[in-house]
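Please read them alongside the coordinates.

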Amino acid sequence: KQWYQRRVRGYRFLAYPLAREYNIGSIIVENPFYGTRKPSNQVRSGIRHVSDLFTMGSALILEGGYLLDWLESEGYTRLGISGISLGGHNASLTSAVWGRPIATVPCLSWSTAAHTFSEGIISNACMWSVLRDQLSPNKLEEIREVVRLTDAEIQVMLQERYGDVQAPGLSRSQNKHVARLLNIQYLSLLTSSLGSRNGSPDKITTLYMRLLIDEFSNLKNYPVIACPEAAVVVVAKSDLYVTRPEDDDMIDDISEIWPGCEVRVVDGGHISSYLTHNHSFRRAINDAFDKLDSHLDNTVTAN
């Protein structure tokens, strides 16, 4: 039922009106760990492990790259990508990794997911006691043993587990950004950072989660999208899920990461905007395609 409702909503409020109002066709992608792709031991959309977030992100980047590559091979030249909330952030990552000019419209997302999972409302759903236990001295030592591996040893581990991590449809330079979602070397930096800080176990656990999520999700860690001018970012004014505190040095303004993009603010919170601002999302998608057309026309004229 949950899967059915998500698919119907995506079709009814986005895909169908986009075709009817703007003559824009859509492919609706189902997230890993959702609907028919949900593990049997998972309850609704509550993923069981932090690592599942990274598996989800890497899978969506690869699948998005496949779909965009296939559409291009079929002769489609005006391509775009969009999503809402977590889907919006994964759309941003996919656009950055794919590396060719497309309309990019992330809705109700921002430049990093770190604050969302460590301090936003959704952080209340995290089992912090379990995560705190995993950061006990014994567990941290296990992590340190892992991060002492050399680059060559890590590559062997990746090949044994995933086979050839080179993804068809993506260049080697693009693949290195996909591979960062599978690489474990970042833990050495995080554990050394934690080791130099004083604080309660709860504070250390939250910090660790925040650094971990930011390493993988911060858009400044990825290539700038190929056409920032064709990006329209839609955010909610009173969003308590995806917060944008101006005094937080870790959270960059997306317009600084993607110079030339447009940021639009809708009146509402995260849930209310999801329910009542689908027309704003559709308009942003259409406007992004118009911006893409201008970019492509100017490119042809310049050549």
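1. Basis. This is a predicted model, in which local features need pLDDT of at least 70 and side-chain atom pairs count only at pLDDT 80 or more, while totals for chains, interfaces and linings use all residues. Residues are numbered from 1 along each chain as its sequence is written, and side-chain values use heavy atoms, with hydrogens and water left out.

2. Overall make-up. The protein has 13 helices and four strands; these are DSSP runs numbered from the N terminus (helices H or I, at least four residues; strands E, at least two). Of its 303 residues, 44% are buried, where buried means under 20% relative accessible area, exposed over 50% and partly exposed in between (1.4 Å probe, protein chains only). Among contacts (heavy atoms within 4.5 Å) with a separation of 6 or more, 74% join residues 24 or more positions apart.

3. Largest core. A nonpolar core is a set of buried Ala, Val, Leu, Ile, Met, Phe, Trp, Tyr and Cys residues joined through side-chain atoms within 4.5 Å. The largest one holds 20 residues, and those with the most contacts inside it include Ile 84, Val 105, Phe 281 and Ile 285. At least two residues each come from helix H1 (2-22), strand E2 (103-107), strand E3 (232-236) and helix H13 (278-302). H13 contributes the most, with six residues.

4. Two residues of interest. Beyond its neighbours within four places in sequence, Ile 285 is in contact with Leu 18, Ile 24, Ser 82 and Val 105. Asn 286 lies in helix H13 and is buried, at a relative accessible area of 16%. Not counting residues up to four places away in sequence, Asn 286 touches Tyr 22 and Ile 24.

5. Cysteines. How many disulfides does a search of the whole structure find? The search finds zero, with a disulfide taken as a pair of cysteine sulfur atoms within 2.5 Å. Cys 227 is buried at 1% relative accessible area, and Cys 261 is buried at 13%.

6. Helix pair H2 and H3. The axes of H2 (residues 50-73) and H3 (residues 86-98) come within 9 Å and cross at roughly 60°. Axes are lines fitted to C-alpha atoms, for helices over the stretch in contact, with angles from 0 to 180 degrees between N-to-C directions. Residues of H2 including Gly 57, Gly 64 and Gly 65 take part in the contact, and H3 residues including Leu 86 and Trp 98 meet that side.
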